Amino acid sequence: ATSHTMAPTMPLDKTIPRALNDAQISLATHKKCAKMLASARHDDPETFLPVFCNAILPVLLEYKRDLCTERVVRFIVTFCAWREEGMEEDADEFNEAFLGFLLNLHTAKDKAIRFRACQIIAGVLNGLGPDAEVSDELYERMTDVMLERIRDKMPPVRAQAARALSRLQDGGESDDFSQDDITQAFVELLGSEKNKEVRKAILGSLAISDFTIPCVVERTRDVAEDVRRIAFLALTSKVPVESVSIAHRALVLRRGLSDRAPMVRSASVEMLKRWLDAFQGDVIKFLTALAVEFNENEAELALRELIAIGRVKPMEVCKDEDMVRKGLKRDTEADGLMSAEEALYWRVVMQHLADASNAMGSNSAQSVGQAREIAAAEVGEMIEAMECALPPTAMDLLALVQSHATTSGGKFAARQLLPLLKCVDLNDGAIRRGAMHLVAEQLRVAPSVDARGSSYACGGDGEWERALIEIARLVANGSTEFAGIILDAADSLQMLNTAESLTQALFIAGTLLEQTQKRLPSIAAEAVMDSLIKPAVTHATTAVRRESMRVLGLLVASQGIINPEAVVILRTALSADAAPVRCMAARALGDAALLHGLAALDQHRVLVNSEDEDVSESDFNASLPLETAFMKCLDEEGKPFAFKADAYDLEDVNVEDVDATKAAAAVEAEESVGTVAAESLCKIILRRGEGAFEAAASVVARLLGSYFAADAQRRPRLAQCLAVFFPALASAPEDRRRLLADCALPALRAAAKVKGLSRVAALLVQLLTAGEGATTNGAELALALANESLALSTKQTPTGAQGTLAKAYINGVARVLSLIPVKSAKDELNMAEKVELNDVLTKAWHAAVLAAERTNEKAAAKDLACVAERLRSHCVATPKPPAAVEGEPDETAAYAALDVPMDDDDLSTQLNDDVREAVMEYARELANSNEVPFTGSKVKDAKVKTAPAVPTRESRSRASKTKASEKLVDDDLRKPLPKVTPTRESTRSRRGALRETN
């Protein structure tokens, strides 16, 4: 197409089409064409609208968003928003009439018309200037129509309707949009909309207020990267930092700066820059807005990101005399103590320089020549900058820390300054003695409640105590002195004889065991056991007993040997105590089992006579094997495979606040013994394998039942643990993967009596086929499943609800059997193993054929027939035995055991009679037992069908050819056909003869 020169006198039926044709060529012609159409509209306003509407009809019928169509739509929007001076009234009247025409098309059956109508309406409304006028009638009509279209079945229509509603929202009297119908519809649809493009459109159109900011913050954890990016862009451009609560500030910073998607992280960095600019670049004020005492990790993450993008330059900060004088070199008597924000700021800056200098020093050691000199110079500059920022001597820095530690409300700042002792020389005896004195003095302080840092026993997080113990480890002369200082402080706290002080003493001792790198001396270990743990085990306070279990578990793990007395105490607490104590005992026993094994721990359990009436239930539970005890803890949480709607899949959990899920997980870790037991079993299986259990397959099957029964909202920790465990087990070494095949049939049997068996079968197939090649123990599993199918086919299927479950179980077993990969006997190199594998495959093949003949389920019969043919192909035929070689074993007998027919007849004609009878006999015994669901000795036997087995593809072809050849023989014309004359029966009357003839 070429550009045309349009005269003002040209008819409208030619002016408008030519303008639309020129508009689709380039965006540069839009302004000129819009001006010409505006002039034509002014000259003949009555005729212009119908001609214009007729001209754009082809555009409305185009659903595909190609370049030319999009240019025409954009031109229509530009023309409608064009308002020349002196023609404003004409433009308003045309827009009102034109929008009314488009609104009449919103109920069209064609999706293209609905889409283009909503797209043009959205473009016109968003393109109109602030001085444009729309009548109240049209405003209400557009609102009603677009609210209807926002629930259209087509996602593009819903997205354009959301864009159209953007400027129609009304803040109301409170100006927070909480009463607006459009805003409420947006908020509702953001949580239920499945299409990410629609969510993006709604998020971009949502009016920002105190009512809608939480909805925008929620979308920062959307599953789609594009939606998360739009959410951060909305927070950057539309939401001032003052309007966001402190909790939401920390939340969006943590999510954005930790996001894996580069585009989302880039958007969050832009938001961080905008927030810093809102405080005129003052980092301390920005940290104050984050409440660093409660959001320390988020504030540190944001500060490190500011250093990475160059908004905070540590070298310049350390060389700024004014900042240093108000920072680490401040006079506490004149200037007062450092604020929490200042302490965190200087700690992060100094640690960044220390880490950078260490990394640069390592690089310079590996470099040569000029690169080495440059790296050494940079390291020297960093060290010089750190020396400029630090106090003159190490004792001055220690005095600064001590002044904050001994002041009420200064422990947070003191904890931030403690790591800076690593940046100074600790080889001086004076600084080491001073640091040890500070640690000993602070650890002996009685537990207290402080708004800015309570002791651990009074609800604190324990970070202050851990920081002190870490410094003690650095300055102590060996592990013996280190342990002595901490245990002396614990003894001093114990002498206070309160529940809080005993809890604090146990926590300090447990932290010592966590941070020590060597085994405690036997005298120290006995002192901890006798003076701290034993008195705490029988204490009346649950918190004290819980902490004693934690310390006892750490002591057992750190010493490396089994303490029989400790095992008895832990088993007793697991069997009968409060939930937090039992959880900690289960965790301690699980860690000990990882190191020593379940059998080693069971050797030290106290055995009791179950028939003795004086034996309590708790004593009996304490005498059980640890494997059984853990399984019993799992049973306390509920029945396995108790399916809950949308509760077994973590992706279906609808939690608006992630902190709620974290809180539920924290409560679960302290209150749910079954969750801790499941975690311990999972770790033991992955670490020690099948040999650690007496019935490993039953344990894995029980864990699979807990996976499907776990409510991901109430027990997110268990759901997450098992969701990670089973894929890890599927990719583990062969001896671990074997457990999946061993647990498949027990898991299917356990899930047979509840709805949802198909989910269990699907997950089992996914796990069994996760690796490359054949499934470990696949042949044994195929034989077990084939025998299960055959046993089910020998009994009558129940009716009613049980019949539905039985049919689902039959189909599920056949489906799993048809999809698991099985190793072929032809691929086995060892002759003895080949014979054994071929025997298993042969039995499985026979059982599958017989089950396909007998089952009444069509889907199961089809799967079993396919399995039978595949198993038949994996068997090997009898080859010619090799000649015996003198000095080597004779393998003739082994080859004679391989007997599989080589023809391709029906599978039923290939069966070996002896194998058939053995398989059927075993299936009948299995069906009469109570192992197979929906069977048993009381269930009637099924009627044997006379129909032949399901033929293979080759046998069906051969059967049809044979039948056709027999027909040709019967119809051979060379053979005369025998003459058969029908004999009429004699009748007595003529009427009877006529009736018979008729």
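Predicted model: local features only at pLDDT ≥ 70, side-chain atom pairs only at ≥ 80, totals over all residues.
Start with helix H2 (residues 30-43) and helix H5 (residues 67-80). Their axes come within 9 Å and cross at roughly 50°. That angle makes H2 oblique to H5. The crossing of the two helices is right-handed. On the H2 side, the contact uses His30, Cys33, Ala34, Leu37, Ala38 and Arg41; on the H5 side, Arg71, Arg74, Phe75 and Phe79. By type, the residues of this contact divide into six nonpolar, one polar and three charged.

Now turn to charge pairs. The structure holds 46 salt bridges. One of them joins the side chains of Arg199 and Asp222, at 2.8 Å from N to O. Arg199 sits in helix H11 (residues 196-205), while Asp222 sits in the loop between helix H12 (213-218) and helix H13 (225-237). The partners are 23 residues apart. Are they buried or exposed? Arg199 counts as buried because its relative accessibility is 6%. Asp222, at 5%, is buried as well.

Arg571 and Asp602 form another salt bridge, at 4.0 Å from N to O. Arg571 lies in helix H31 (residues 564-575) and Asp602 in helix H33 (residues 598-602), so the bridge ties together parts 31 residues apart in sequence. Both Arg571 and Asp602 are buried.

Lys683 and Asp591 also pair, at 3.5 Å from N to O. Lys683 belongs to helix H37 (residues 673-688) and Asp591 to helix H32 (residues 579-596), so this bridge ties together parts 92 residues apart in sequence. Lys683 is partly exposed, at 37% relative accessibility. Asp591 is partly exposed too, at 31%.

Finally, a network of salt bridges links Glu296, Glu300, Arg304, Arg347 and Arg415.

How values were computed: Residues numbered from 1 in each chain as written. Heavy atoms only, no water. Axes fitted to C-alpha atoms, helices over the stretch in contact; angles between N-to-C directions. Helix = DSSP H or I, 4+ residues; strand = E, 2+ residues; numbered from the N terminus. Parallel < 35°, antiparallel > 145°, perpendicular 65-115°, else oblique. Left-handed = near helix turned anticlockwise from the far one by under 90°. Contact = heavy atoms within 4.5 Å. Nonpolar A, V, L, I, M, F, W, Y, C, P; charged D, E, K, R; others polar. Buried < 20%, exposed > 50% of the residue type's maximum accessible area, 1.4 Å probe, protein only.
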